[in-house]
Each structure stands twice: as C-alpha cells, then as structure tokens.
Amino acid sequence: MKRIIFTFLVASLYLVSNAQSDVDALRFSMNQLPTTARSLGSGGAFGALGADLSAGVINPAGFGVYRSNQFVLSGAMLNSKTETDYLGSSTNDNEFNLNIPNIGLVFSKKNFKGRKPVEEGWIYTNFSLGMNRTNSFSGITNYSGVNGNTSMLDYFAQRAQGLSTSAIGATDNEFDFGFNDIEVMAWEAFLIDSVADRTYGAAIDPNGRDITQKHIVSTSGSTNEYHFALAANYSNKFYLGGGLTVSSVRYEETDKFREIDDISGGSIWDQWMLERNLETRGVGVSGRLGLIIKPVQWLRAGLSLQTPTILNLKDRYYDDLYATLDDGSDFHYETKDGEFDYKVVTPLKSTVSAAAVLGKKGFVSTDIEFVDYSTMRLRPTEDAFEVANDLIRSKYANTVNFRLGGEYVWEMYRFRAGYAHYGSPFSSAAETTMDRNYLTAGIGIRDDNWALDLAMVHQRGESTLQPYALDGIKVSPATTMTKNNQLVITLSSNF
C-alpha cells in the first residue's frame, strides 16, 4: 500500500485555540467509499450500474434502473488498529465502532398509456429517499515518549512573550468564570517562569529535561447525507436522475496532552495535563444530477455532478489545565466555554463512469471522480478566514479518485472484488500527501425478492502528528500506522 502521510499543522489542529482553519474545510470535504455492501464489495464503482442505494452518493440516474420497489438497510463494524512511534517508543491502540451506514426506500412506478404499460419512451419514473454515511470520524491516536529537548511549556512561554507580569496574571473574573488564554493558566499553575522583563521560559531545569510526554486524541462522529432523488428510464437506453441532499455533521474531539517530570528536582512540578474539547454540529444542502446511457446491451456509461455543499456549522469548545507541584499542590483551571458559527463550502465533484455487463455472468465497472480541493472555502469572508482561504488556494489542488470493481454470478451467489485509490488533496508543492487506498471483497446471495450482501474493506496508511510547534526550534513528530478493517452487511427486500 502506498503510504498515506498527513501532517496536522499545529496552527490548524492543536495549538490555535479552537480556531477554524483549512483543516476544518478538508475534514468535511473528504468522503469515504459508497456505503452498501454490494457497492463496497466492488470497490465502490457503481456510477454506471445503478439499481443500488449507493446511487444517492454517486449518480442519482442509477435510481432509474430500478424496476420494483425496494427497502435497503445496512449495518457495519469498523476495527481500527494503530501503532504510533514517538521519540523511539512504540504504542499500540485498538478501537471498534458499530454504525448504520445506510437505510433507504426506492419506489418504482411503471408508466401506463391508458391501460397499457409504456414500452417505448418514459417507461419508469422512480423516487428514492434514504440516508448514506459518507464519512466516519471515529478514531484514536495514542503515543508517549521521553523528550529531553522540548516541552509544550516552551510553547506556552512563547505565547507569553511581550506581556508584563501584571498583564499575564489572571483576573478575579477569570478565576470565577473561566480563563481566556492558555498561557495565563500556565502562569497561574507555576508551569512557566519570568526569566527577564516581558520574557518567559518553561519551569524546567535546562540541564535536566527528561520529560515523559503522553498524547491521546480521540475523535468520533460522522457526516450523513439524506437524499431525495427522482429518476426516470427512457426506453431502457437513457436514465436521468436528480436530487437534493441534506447533510448532517457531528464531530467530537478530546485531546489530552500530559507531561511528567522524570528527574527529581528537574522542575517545581510533578506533572500537568492540558485537555481540549471540541464539538462541531451542523447541516448543509447540495444537489446532484446524473445521466446513464446504455448504447448497447452490454455497455453502460455514466456522468454525474454534485454541487458544492454549504455547511452551516457551530463549534463549541473549552480547555482544562491540571497541574500537580512537587510540594503536593494541585491546580485545575478551565477556559470559558466558547461558541462560534461559520460556514464551510465543499468542492464541486464530477464523476465519469463505465461498466461492461457480462450478460448474467456479472460485470466489470469503473468510476473516475474529479475533485478540486483548492475551491474549498470558509465563510463569512473576514480577515481571519481570508488567511485560511489563501492557504487553501495555495496548499490544495485538483485530485482524481479512481474506483474499479467487478462481480461474478454463479447461480444465486455473487462474488465481488475491487480496488479504489483516492488521490491526495494537497498540491505537488506541499510537503505532505494523503493518498487513500482501499482493497475490497464481497459475497452476496440474491433471490427474486430479497438479497443479502456482505463486504470487507481494508485500508492501510501512515500519518504524522506534530504535537506542538515552536518558533525556531524543531519539534519531533509522531508517526502512526493505521490499519482499518470494515465489515458491512446489507439486506435489501423488494416489495
């Protein structure tokens, strides 16, 4: 598997106090593979095939292929294994997640002229409504190591530079109702010292800097799309579809960074921890249009377009700082609860698809999806967001996602396999990449009125996380190898 490297820049993930940035735009602009077991087993390459609930996230013209009503329900289990190396130490972690990746109904109406069914022209008019989970944020990064060179307290000290000791001291209001700044909490907990006028340093002996650092980042939530689509079948040769999609966003993150003084007398504190909590909720609206053409019986070609999604988001956040000194004194300070409303505009997406249907023996299908991540935007347009939007223009680029899969039919059984490659959203000049690669396999049992499908999806990648950044000083990153295995079961019933 090709390496997946994603360096979370400190300014955009960890250290800027809950600021909205390009990472927020990217987080809600990237989707996973289509969600039914049938489509997943075939690498998600269903844009030209249709007759599957995944048409709601690929090509709504696929609903026009249906010839009967159908109910679809899927269940999924995700197992994520991580191994993180930091400063020569290795930490393993494991997480399970159960979810419903999709549920939906398709209503198929055979058109009549008088009392006779239409055989030429608009044969079927179909309607679909359902839910597809397009992204899962469930994950955990856990690592630790002994750092003899830098500390996050150095970052707090750099934030305090230029302030007088009276300015950095907390007010009675902050003690009673919550702090405004992290460096003020660090000062009041004796974690940073004044070393000169308006100059501060970490409260650590420079000759005894053996600090154990532990970092745990837990995330949860998902992006779900609720689609309402209308599609039609023209003479079994042209299928047209369009729909409205309402997206819901739920993202939660708990970030705990702890330092422990391993040297007696190396500092006046024994240990401290910063816990940061973020919750994002929101909804958005987008539209989809699609076309499938069947020029000959064995060949299908598809084209679809998804408009940008305008997400209206609200962030809620707060931080807690805990410190224990060598003399046994304990401190617990917390920031004021914060809220911020903003918008994220995701990129436009277009998909070109082709499929060869091998009679009753199966199919081979492929999708090519185009996404320009440099068109992501944060709104409203103001000074802070213009900095982030300028960064998006220069940091991100157009990318291509590729899906390939097939199915072999033997009596009532279906055997499937597929591969998908999702290109990096970063420009070639960026120092990071984030390719995603998927291997999939599946099996299905299909009868006249029902089907049961099962799919396995394997994703493996490497990511890097820089816990904090210091001006003029290199900070060692953590490297995480992640292995995700997902099992999806889909039951569909015609009625």
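Mentor: The largest cavity holds about 1,300 Å³ of space. The model is a predicted one.

Trainee: Why is this space called a cavity?

Mentor: It is called a cavity because a 1.4 Å probe fits there but cannot get out. Rolling a probe the size of a water molecule over the atoms shows where empty space is left.

Trainee: Which residues are the closest to the centre of the largest cavity?

Mentor: S136, F137, S138, M434 and N484, out of 46 residues that line the largest cavity. Strand β24 (residues 450-465) gives the largest share of that lining, eight residues.

Trainee: What makes up the lining of the largest cavity, by class?

Mentor: There are 20 nonpolar, 20 polar and six charged residues in this lining.

Trainee: How many cavities of 30 Å³ or more are there?

Mentor: The count is seven.

Trainee: How much space lies in the largest pocket?

Mentor: About 1,100 Å³. Of the 33 residues lining the largest pocket, R38, A51, V65, R300 and R446 are the closest to its centre.

Trainee: What makes a pocket something other than a cavity?

Mentor: A pocket is an open set of points, while from a cavity the probe cannot get out.

Trainee: Which strands each supply at least two residues of the lining of the largest pocket?

Mentor: β19 (362-372), β21 (398-410), β22 (413-422), β24 and β25 (478-494). The largest share, three residues, comes from β25. By class, the lining of the largest pocket has eleven nonpolar, ten polar and twelve charged residues.

Trainee: Why is G88 called exposed?

Mentor: The relative accessible area of G88 is 83%. The cut-off for exposed is over 50%, so G88 is exposed. G88 sits in the loop between β2 (70-86) and β3 (89-99). Its C-alpha atom is 9.3 Å from that of S144, and the two residues are 56 apart along the chain.

Trainee: Is F177 buried or exposed?

Mentor: F177 is exposed, because its relative accessible area of 60% passes the cut-off of over 50%. Helix α6 (residues 172-177) contains F177.

Trainee: What share of the protein do buried residues make up?

Mentor: Of the 495 residues, 55% are buried. Each of those has under 20% relative accessible area.

Trainee: Which residues have the most contacts inside the largest nonpolar core?

Mentor: M152, L153, F156, L191, W269 and W272, in a core of 33 residues. Two or more residues of this core come from each of α4 (152-160), α7 (182-188), β10 (199-202), β13 (269-296), β15 (310-325) and β16 (330-334). α4 gives the most, with six residues.

Trainee: Which residues does the second, separate core include?

Mentor: L26, L311, M376 and A388 are among its 23 residues.

Trainee: What share of contacts between residues at least 6 apart in sequence join residues at least 24 apart?

Mentor: The share is 71%.

Trainee: How many helices and strands does the protein have?

Mentor: Eight helices and 25 strands. Along the principal axes, the C-alpha atoms fill a box of roughly 90 × 40 × 40 Å. The accessible surface is about 21,400 Å², and carbon and sulfur atoms hold 57% of that surface.

Definitions and conventions. Residues numbered from 1 in each chain as written. Predicted model: local features only at pLDDT ≥ 70, side-chain atom pairs only at ≥ 80, totals over all residues. Heavy atoms only, no water. Helix = DSSP H or I, 4+ residues; strand = E, 2+ residues; numbered from the N terminus. Buried < 20%, exposed > 50% of the residue type's maximum accessible area, 1.4 Å probe, protein only. 1 Å grid on protein atoms, 1.4 Å probe; cavity = no way out; pocket = protein on both sides within 12 Å on 5 of 7 lines; lining within 4 Å. Points joined across faces, edges and corners; volume = space filled by probe spheres on them. Nonpolar A, V, L, I, M, F, W, Y, C, P; charged D, E, K, R; others polar. Contact = heavy atoms within 4.5 Å. Areas by Shrake-Rupley, 256 points an atom, 1.4 Å probe, with all protein chains shown as cover. Core = buried A, V, L, I, M, F, W, Y, C linked by side-chain atoms within 4.5 Å.
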